[in-house]
Amino acid sequence: MRPSIRTGLIGAASAAALAAFTLPAISDDGVIRIGVTLRMISENGLKYGALTKDELEAVNASGGINGHKVQVILMDDECKPDKGVANANRLIFNDKVHIIIGSTCSSVSLPLVDVTAKEQVPEIIPQSTNTAITQKGSAWVFRTSVSERFYAAIHAKWLAENAGKKVAYLTTNDAQGVSFAKAYKDYMKKTYNADPAIETQMQETDVDARSHLLKIKSASPDVLAIGGQQDAIARIMQQALEVGIPSRVRRVAASAASNAPVPELAGDAVKGLIFAAAFSCKDTRPNAQEFVKMVKTKYGVACPDHDFSQSYDTVQLVKLALKTAKLKLTDDSLKEDRLAIRDALAGIKDFQGLASGPINFCADPTPQCRDGNRTGILVEYTKGGKDYDTNVLARVSFEPDFGL
Amino acid sequence: MPSPDDQTRHRLSNLVRGASPWLVAAVVLALLPYMLRNSYHQYILNVVLINVILAIGLNIVKGFAGQITLGHIALAAIGAYTSAVLSATFGFSFWLALPASIAVTALAGAIVGIPSFRLEGAYLALATLGLAESVRIIISGTDALGGAVGFQNIPPPFFGGVPIDDYRSYYYIVMPIALLAVYLALSILQSDAGRSFKAIREDSLAAAASGINVRKYKTFAFVLSAAYAGCAGSLQAHMSPGFLNPDNYTIAEMITLQLMVVAGGLGNVWGGIIGAVLVTIFDVFTREFYLYRMIIFGSAGVLLVIFLPRGVGGLVQDHFVRRRFKDIREAKRAGPEGVNGAA
């Protein structure tokens with residue numbers, strides 16, 4: 001028995017190894033191939049991926065785009081740059097995709113920009129916020145999500161005017177937490193010449209922030225700025241209440257605070273937390289309410305956060321570009337088709353989607369042209385738990401040059 | 001008594017016999033990129049070879065010297081970031097940054113090896129795990145190293161002023177280095193040092209009693225293993241798109257690396273190679289099935305440990321041992337002349 005199982009194991013492994021290098025590359029003529037690489041190691045991450053795939057493939061039911069079927073290749077990059085790069089290489093060279101959508105994490109999108117620029121493949125970023133992404137000068141990258149350079153100004157200005165300029169920073173050492181704090185600090189220094197009251201950092205996986213919070217409490221700040229991912233934000237909000245940081249100290253967090261697990265995990269401790277985002281499920285526009293209803297029905301999320309809306313907007317932008325671009329869709333025309341899609345994306349003006357303002361792209365490979373969404377909203381949690389509630393405090397649109 | 005001519009002929013014949021497998025391997029590997037379908041497969045091949053270097057390094061300290069370390073991935077990070085800083089910040093060429101990063105990592109390896117003088121087994125594993133996490137955390141919090149966002153714009157190697165930034169050209173840097181790494185590992189492990197490693201692995205007290213300087217050889221195993229990790233790290237750093245992030249050096253990556261060594265076979269150079277190839281390709285294959293990937297990966301690991309406790313390398317070794325015994329048995333049956341012949 002043992003030898004046969006061993007032989008089987010080795011046989012399977014060898015077959016896998018052989019197939020990895022000999023499987024033919026996809027090259028169906030007449031099909032539009034779209035590669036998607038996102039962080040899908042969380043429940044919501046899987047839903048963002050599913051929404052993107054479902055919305056893109058939905059066009060096949062009505063005959064496709066300009067008569068061409070759409071094929072979506074969806075991959076998980078786990079928020080790891082090497083996996084993101086491997087996915088992009090596979091999508092570009094093996095699957096010969098016409099466009100790439102991705103990624104969620106800035107630390108993945110940053111190297112992806114270099115890969116797509118070198119191989120001349122259009123890329124549209126649905127969720128990453130790091131300012132540097134569009135500053136790399138790639139002519140092939142577009143961003144639907146709001147850049148960190150805009151977000152920082154939204155909450156920083158409002159808080160400076162409504163709470164104070166004495167800010168305590170507590171961040172986890174992940175890319176989002178760090179870039180949130182940096183953008184906020186830079187804005188406060190540049191605009192008000194205000195230095196941090198106190199700044200401290202913890203590990204992404206640390207579960208006890210109380211020692212940091214007690215230190216912050218003793219500094220009596222006006223604002224507690226929390227940078228990190230959703231679970232860290234929820235934990236810190238709860239523990240801030242436990243250590244007795246008074247509610248007059250306004251809490252502000254990175255855009256990950258908009259994700260549903262934050263109010264659900266933190267409960268009523270989340271009350272008063274503010275964050276900048278691209279979308280609110282309380283948006284009264286008919287298309288927004290229709291979207292909220294669709295997400296609730298199909299994906300079981302009552303109040304979709306802005307990562308859902310940004311995924312949806314990204315899909316609509318891609319569909320629009322594919323409809324406008326004159327595609328030949330043969331093996332030989334791949335390069336030409338990619339260029340046509342890029343130019344079609346660059347030509348999109350005043351797109352009215354779920355974002356709180358219009359999305360505009362243009363041809364120059366600059367942040368002014370490629371950070372398409374320049375409108376953010378400031379949202380406050382008014383109730384925690386499963387049936388959490390929010391309130392929109394402000395809506396701000398920026399000039400393309402802002403923050404550069 | 002053989003004549004001087006016979007001796008020369010014998011030496012030459014030994015040299016040809018010893019070098020020919022390497023020459024064949026070099027020719028086959030040199031032609032391999034032309035058999036691949038596209039640049040993605042070329043990219044995977046480069047990753048496989050870098051992982052081979054990493055796995056051989058880990059096998060030296062773990063499989064041969066018997067030191068349980070969980071800090072190998074941190075050494076790769078040290079090599080990668082050293083190379084990145086030297087080339088991107090200080091303008092060193094890849095050809096200088098590579099040996100420098102190997103030297104720096106080897107030094108770090110010596111430091112990692114110090115706890116092994118007093119600690120063994122799970123305690124040493126814990127100490128090295130602590131070091132691995134510390135390195136990652138320090139990188140995450142250091143702006144000069146790109147912090148949590150990552151280190152960008154690491155230049156590719158240049159050869160005669162031409163950037164080697166496509167995966168096929170880069171392969172011709174990675175492949176000879178990997179081949180050299182395998183050759184060096186085999187040579188060292190067949191030397192006095194290799195035998196000392198094995199003696200320490202089996203019983204460090206008995207090894208010391210037989211005159212082996214246990215501290216010296218433990219340190220040497222860590223230094224050697226770290227040099228491999230540093231080399232692999234540097235090669236990772238300079239491969240397109242030239243981007244490093246501390247998230248690529250976490251415990252998850254360390255477990256994957258351990259799996260390579262276990263799947264291939266502990267204490268076996270070829271095991272490290274087989275393991276690196278299998279696990280890397282398995283990782284690539286299962287990525288598409290992201291919902292079930294971790295279950296598939298975990299189950300494969302458990303099945304391997306149950307049914308192939310000595311890894312694929314151990315199975316291959318068993319096969320050769322069995323064949324040898326079979327030959328001896330058949331020779332015995334054939335009579336006294338056959339026995340002499342078989343011996």
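Q: Why does A:Glu78 count as buried in this predicted model?
A: The model is predicted. A:Glu78 counts as buried because 25 C-beta neighbours lie inside 10 Å, and the cut-off for a buried residue is 20 or more.

Q: Where is A:Glu78 found?
A: A:Glu78 is in the loop between S2 and H3 of chain A.

Q: What is phi of A:Glu78?
A: The phi angle of A:Glu78 is near 55°, which is a positive value in a residue other than glycine. As background, most residues other than glycine have a negative phi.

Q: And A:Cys79, what about its phi?
A: A:Cys79 is not a glycine, yet its phi is positive, at about 65°. The residue lies in the loop between S2 and H3 of chain A. A:Cys79 counts as buried because it has 25 C-beta neighbours inside 10 Å.

Q: Let us turn to peptide bonds. Which residues of chain A does a cis bond join?
A: A cis peptide bond joins A:Gly102 and A:Ser103, with omega at about 5°. A:Ser103 belongs to the loop between S3 and H4 of chain A. In general, most peptide bonds are trans.

Q: What about the bond from B:Ser240 to B:Pro241, cis or trans?
A: That bond, from B:Ser240 to B:Pro241, is cis, and its omega is near 10°. B:Pro241 sits in the loop between helix H9 (214-238) and helix H10 (251-264) of chain B.

Q: Now the whole of chain A: how many helices and strands?
A: Chain A has 13 helices and 12 strands. Its C-alpha trace spans about 65 × 65 × 40 Å along the principal axes.

Q: How does the radius of gyration of chain A fit a compact globule?
A: The value for chain A is 22 Å, which agrees with a compact globule, because a globule of 404 residues would have a radius of gyration near 22 Å. Buried residues make up 53% of the 404 residues in chain A.

Q: What share of the contacts join residues at least 24 apart?
A: The share is 68%, taken among contacts in chain A between residues at least 6 apart in sequence.

Q: Into which domains is chain A divided?
A: Domain 1 covers 31-146 + 286-373, and domain 2 covers 149-277 + 377-397. The C-alpha centres of these two domains of chain A lie 29 Å apart. Their contact takes 15 residues from domain 1 and 14 residues from domain 2.

Q: Which elements give two or more residues to the domain 1 side?
A: On the side of domain 1 of chain A that touches domain 2, those elements are helix H4 (106-119) and H11. The residues of this side divide into 4 nonpolar, 9 polar and 2 charged.

Q: Next, the contact between chains A and B. How many residues does it take from each?
A: It takes 37 residues from chain A and 35 residues from chain B. On the side of chain A that touches chain B, H1(A) gives the most, with 10 residues. The residues of that side divide into 20 nonpolar, 9 polar and 8 charged.

Q: Last topic, helix H12 of chain A: how far does it reach?
A: Helix H12 (residues 334-346) has 13 residues and reaches 18 Å from its first C-alpha to its last, close to the 18 Å expected.

Q: Which residues of H12(A) are buried, and what covers them?
A: The buried residues include A:Asp337, A:Arg338, A:Ile341 and A:Leu345. The cover over the buried residues of H12(A) includes strand S3 (99-101), strand S4 (123-125), strand S5 (141-143) and helix H11 (306-324) of chain A.

Definitions and conventions. Residues numbered from 1 in each chain as written. Chains lettered and ligands numbered in written order. Predicted model: local features only at pLDDT ≥ 70, side-chain atom pairs only at ≥ 80, totals over all residues. Helix = DSSP H or I, 4+ residues; strand = E, 2+ residues; numbered from the N terminus. Expected span 1.5 Å × (residues − 1). Buried ≥ 20, exposed ≤ 12 C-beta atoms within 10 Å, placed from the backbone. Contact = placed C-beta atoms within 7 Å. Domains from an automatic or database assignment. Nonpolar A, V, L, I, M, F, W, Y, C, P; charged D, E, K, R; others polar. Rg over C-alpha atoms; globule rule 2.2 N^0.38 Å.
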